[in-house]
Amino acid sequence: MHGVIVLQMLVFCGFLPLTKTCVPFDLTREVSVSDTVQVLSTHYGVSGEELYGVCARGCTMDIRCNAFDICKDQLLGRTIRGWTPLTPGNVSAGVCQRFQMKCHEGDYLYRPNGTCVSHGYCDFENDPEPSCFLSESLADQFDWTRHTGATSSTGTGPTSAARGSYYKYIETSTIVLGQKAILESVRTFQDQTYCLTMYYHMYGDTTNTLTVRTQKGNNAAIDRWQRAGDHGNAWYRLSGLSLALDSETKIFIEATKGSSFTGDIAIDYVELWPFACP
């Protein structure tokens, strides 16, 4: 575990009546209320101090949140995921302050104790991908395909990645009903509960199944999550699957071919967090 890395540390006490400790945030810049960000929640209050307390607590409790805005002119607060780095300029009317929680690249804030932790993620943007905790299994019938843009068949598959440029999918044009492509974990886990998140795309009349399962040693594998059939031409997010893991347990992500070429299944941005899902 790493400590929280901050560039300009500002510790605010007294604004967080619902927490027992001060929460460190990094005041990185001034940002306009018109900035495009993923807004997780919006709050209104009677003062900047009240909004800070509400938003700081909300951001600390939400693993998706890595920053929040306090807009005193509008008496508006927002918890957000993501931000666009800009060069700080003069503060003018309608400008908000953004408070950002920051760790080393690839690490995330562990909320209970305020430290940064490493986590595994597979965004498929690079090959090989050191951060990825999954690899092609030797026990399947064919491999997942790393791809950018639309798949080659009409009426199935995504037209682009859920995030970034690349994703992985199963190509079902060569039809052998029931064949499986499997990704399996290649890292040794601590004896604790982890949280798995990912994006998935299941579009086509003959889409079969996408399954997440775990297996401890030589014991029978256990299905932990499954989707089947056509879910339309859209990316969906598995927002949190808690998995009890240990040094003998592996994770498998398995996609099964259907009866025709209209059965492509895709995944993107698979993450494994070292704590239970909230």
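Does F68 count as buried or exposed, and at what relative accessibility? At 0% relative accessibility, F68 counts as buried. Buried means under 20% relative accessible area, exposed over 50%, and partly exposed in between, with a 1.4 Å probe and protein chains only.

This is a predicted model: local features need pLDDT of at least 70, side-chain atom pairs count only at pLDDT 80 or more, and totals for chains, interfaces and linings use all residues. Residues are numbered from 1 along each chain as its sequence is written, and side-chain values use heavy atoms, with hydrogens and water left out.

**Overall build**

The chain has one helix and 19 strands. These are DSSP runs numbered from the N terminus: helices are H or I with at least four residues, strands are E with at least two. Of the 278 residues, 46% count as buried.

**Cores**

The largest nonpolar core has 30 residues. Such a core is a set of buried Ala, Val, Leu, Ile, Met, Phe, Trp, Tyr and Cys residues joined through side-chain atoms within 4.5 Å. Strand β14 (192-202) is one of the elements giving two or more residues to this core. β14 gives the most, with five residues. I253 is among the residues with the most contacts inside the core. I253 touches W144, M198, L210, I267 and V270, among others; contact means heavy atoms within 4.5 Å. A second, separate core of 10 residues includes L40, Y52, C59 and F99.

L183 lies in strand β13. At 1% relative accessibility, L183 counts as buried. Its partners include L134, W144, I253 and I267. The C-alpha atoms of L183 and D143 are separated by 8.3 Å, although these residues are 40 apart along the chain.

**Aromatic rings**

A search of the whole structure finds 10 aromatic pairs. Rings of Phe, Tyr and Trp (its six-membered ring) pair if their centres lie within 6.5 Å; planes under 30 degrees apart count as stacked, over 60 as edge-to-face and the rest as tilted. Two of the pairs are listed here.

| Pair | Type | Centre to centre | Angle between planes |
|---|---|---|---|
| F68 and F99 | stacked | 5.3 Å | 25 degrees |
| W273 and F275 | tilted | 6.0 Å | 40 degrees |

F68 lies in strand β4 and F99 in strand β6, so the pair ties together parts that are 31 residues apart in sequence. F99 is buried, with a relative accessible area of 4%. Y52, F68 and F99 form one aromatic cluster. W273 and F275 are buried.

Methods: Lists of a residue's contacts leave out its neighbours within four places in sequence.
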